[in-house]
Amino acid sequence: MSLTMVRTASPQKKGNLPAGVAAIIGRNREVSEAKRLLTGTRLLTLTGVAGVGKTRLALKIGREVDRSFPDGVWLADVRSLRDGRLLAGIIAAALGLRDRSAHRPEQLLAQFLGDKRALLILDNCEHLVHACATLAAMLLDRAPGLRILATSRQSLGLGYEATLVVSPFDVPEEAEGVDVTRYEAVRLFAEQALMSNSAFRLDEHNRDAVAKLCRRLEGIPLALELAAAWARVLGAQEICERLNDRYRFLTRSIRATEPTHRTLLAAVDWSFGLCDPREQLLWARASVFPAPFEADAAMAVAKGGQLTGEEVVDALAGLTGKSVLICDTRDGRTRYSMLETIREYGAAKLAASGEEEHARRLHRDHYRQVSDAAAAGWCSAEQVAWIRRIGQEWPHIRAALEFCLTRDGELEQGLSMASELFEYWISYGAHSELRRWLDRALEKDETSDVNAAFALVVNARTALLQGDDVAARRLMDACMDAYTDRARAGGDERLRGFVDNLAGLSAFLQGDLGTAVARLRAALDRYAETRPDEVGPLEGNNIFLTSLWLSMAAAFHQELDSADLARSCREMAEAKGASILRAWGMYASGLDKLLVAGDAKAASVFFLDSLRLQQDTGDRWLPAWGVEALAWASATEERSMPRAAALMGIAHAFRRAIGMTMPGLVPLAHAHDTWEARLRDKLGGQAYQEAFDRYAALDVDEAFAYVLGHAEPSSLQRGGASDATSMLTRRELQVAGLIAEGCSNKEIASRLTVSQRTAEAHVDHILGKLSFHSRTQISAWYQAEIEGAPRPL
């Protein structure tokens with residue numbers, strides 16, 4: 001069971017387009033054409049040369065059309081990804097999804113997007129064209145309301161794909177007397193030059209030189225921005241002359257390249273040549289960063305490169321001023337990034353210097369230190385801060401792991417990094433990715449027995465939490481074999497504690513409560529025998545996990561010391577200042593009050609306090625079970641039963657967002673079935689289902705407001721609306737849409753992942769509410785009232 005939460009975009013919020021993106025000059029024609037194309041195609045790819053501004057244009061289009069996509073416009077930037085097998089997981093994370101299941105991430109994405117009208121922006125696809133095309137085709141097939149806007153230097157190659165070539169800006173003609181200010185290339189250069197030099201003015205003295213410069217750079221936005229950065233020390237004519245010299249030099253050796261690429265390369269190379277040696281060195285070494293990085297990371301990779309810390313800071317400032325680096329400061333922390341074209345140029349310089357391997361090892365060493373500090377900071381007051389920090393560093397951790405798994409003698413480091421960050425992988429719903437890294441490392445069979453043994457433990461636990469019983473059993477057997485081998489060599493009680501912990505967790509999830517309690521107690525006894533100097537971050541967190549799982553198993557098994565065990569969890573969390581672990585301890589105490597003491601009111605207090613700690617974390621795992629348990633407590637009183645049905649719907653929506661289903665959690669599933677049957681019996685099946693569906697459709701903010709404050713969500717306040725559309729719940733509207741597509745009840749059930757009986761009940765409700773007698777009437781009504789409504793882009 002995951003114990004970690006992370007602040008992230010909620011899957012219910014309407015998109016994740018970044019705020020405060022710099023305004024884009026021009027491109028009105030391209031925006032209009034893109035909007036037109038999106039009315040007739042479901043996949044539009046913006047193509048064009050490097051540096052032409054495809055990403056900025058995509059963001060502008062996304063903002064322009066957001067009202068046409070009620071379920072949001074979502075941006076997934078895949079430029080830092082090198083392994084196409086991780087693509088679906090990266091996109092799921094961008095949508096705020098946290099997949100704890102053993103299903104492939106593609107399935108979670110398809111399920112989440114299946115009933116939504118959303119726009120997905122896939123940015124920087126050129127290095128993963130096949131993977132992006134394959135995933136896009138699958139999603140578009142499974143999600144009828146989805147449209148995809150991709151950016152790439154080449155098309156994705158799908159037959160139904162529309163492409164829009166993003167061309168460089170128009171440039172002034174050579175004839176004198178032309179009004180150059182009407183050209184977008186000139187306006188961009190002038191704006192960027194003014195940012196570099198507040199005294200810059202476009203006037204009759206420099207107008208012709210600026211026009212010539214724009215022609216020389218062929219209107220490529222990135223090239224113009226790099227050139228404009230030098231306006232602080234050079235005039236437009238000087239920039240143009242120096243750039244001409246560099247262009248002539250470069251074209252002697254790169255005549256085979258496209259003219260626009262030669263032009264951009266000339267601008268980048270010229271800018272590199274004007275940097276001082278410290279800036280050049282940092283530019284090259286910073287190319288090992290696949291994503292935004294902080295100053296301390298830059299200092300780490302510059303180590304051994306004759307740069308002091310102060311010189312690195314100066315070089316960062318210099319490269320930022322020259323538009324080589326992009327600087328972004330949020331929450332008091334500054335991070336730097338490079339456009340992909342700039343990074344590729346630096347990587348070529350680094351490779352030519354012969355220092356690439358050394359720089360990548362320094363990068364790995366730095367993020368190994370970050371992972372060590374994060375592991376030590378998990379059970380501490382810094383827990384939430386570390387969760388946010390690791391969330392930013394995942395691309396670097398992936399790069400560090402890839403380095404470890406592809407270099408001789410580095411495997412131990414990679415195995416240790418992946419294992420010690422277990423809780424962070426789990427908090428981000430990256431269960432499958434963690435298992436992939438561990439499987440790759442363990443297959444090599446090049447690690448020490450102790451490291452391999454603990455990696456097996458982490459891998460087995462991850463499989464258990466996913467409900468992958470087959471893999472979990474295989475891995476648990478391997479763990480036991482490892483313990484037996486270690487015992488012959490002198491024993492390792494810590495490893496035996498981990499093995500007992502796994503056995504207890506497995507028994508609990510399968511509903512064998514007696515065995516679960518016995519094995520988890522045995523694990524705690526073994527931890528008690530561990531010397532304090534042997535209790536590292538992994539062992540310390542394992543003690544808390546074992547105590548938590550034991551308290552939950554004891555509550556379901558009606559053990560008399562359930563309350564003491566839950567209190568112990570709370571006290572451990574409070575002593576460490578770990579608020580997220582404290583929330584789990586409160587949840588355990590709530591279970592004890594409800595299941596053992598039979599005190600629903602006291603249980604509700606604990607569940608609500610736990611949920612308050614979770615409200616802003618972005619996680620849905622504990623909230624899903626906290627809201628579910630709160631529903632059980634509410635179902636004990638007849639007057640609270642409508643609220644209990646609503647809470648059941650919210651909990652279901654939270655579980656669906658993380659790809660988790662009840663069957664893999666037997667005690668919780670049994671309790672759910674018992675309370676649901678009680679509610680259906682007391683409220684009536686139709687009333688229960690209507691409340692369930694209405695509240696399951698709430699966004700996260702509204703759901704939490706209702707759960708914690710009993711406030712009726714504004715989206716559910718009908719306000720006396722009398723039109724037929726307002727009579728149907730969101731789920732019923734989805735069913736009506738599927739009927740209009742010609743789906744049978746069985747097909748509706750499959751599309752919505754519900755039982756056929758539930759699908760039939762929805763159809764009956766629609767017929768009754770609309771006073772119709774046939775599915776044909778529903779289809780005609782939907783096509784006229786819903787599909788016929790204007791949806792202008």
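Q: How many cavities of 30 Å³ or more are there?
A: This is a predicted model, in which local features need pLDDT of at least 70, side-chain atom pairs count only at pLDDT 80 or more, and totals for chains, interfaces and linings use all residues. Residues are numbered from 1 along each chain as its sequence is written, and side-chain values use heavy atoms, with hydrogens and water left out. A cavity is a set of points, on a 1 Å grid over the protein atoms alone, where a 1.4 Å probe fits but cannot get out; points are joined across faces, edges and corners, and a volume is the space filled by probe spheres set on the points. By this rule the count is five.

Q: Which classes of residue line the largest cavity?
A: The largest cavity holds about 90 Å³ of space. Its lining residues (an atom within 4 Å of a point) include R79, F289, M338, E340 and R343. Ala, Val, Leu, Ile, Met, Phe, Trp, Tyr, Cys and Pro count as nonpolar, Asp, Glu, Lys and Arg as charged, and the others, Gly among them, as polar. The lining divides into six nonpolar, one polar and three charged.

Q: Which residues of helix 3 are buried?
A: Helices here are DSSP runs of H or I with at least four residues, numbered from the N terminus. Buried means under 20% relative accessible area (1.4 Å probe, protein chains only). Six of the eight residues of helix 3 (residues 87–94) are buried, so helix 3 is largely enclosed by the rest of the structure. They are L87, A88, I90, I91, A92 and A94.

Conventions: On a 1 Å grid over the protein atoms alone, a cavity is a set of points where a 1.4 Å probe fits but cannot get out, and a pocket is an open set with protein on both sides within 12 Å along at least five of seven lines; lining residues have an atom within 4 Å of a point. Buried means under 20% relative accessible area, exposed over 50%, partly exposed in between (1.4 Å probe, protein chains only). Helices (H or I, at least four residues) and strands (E, at least two) are DSSP runs, numbered from the N terminus.
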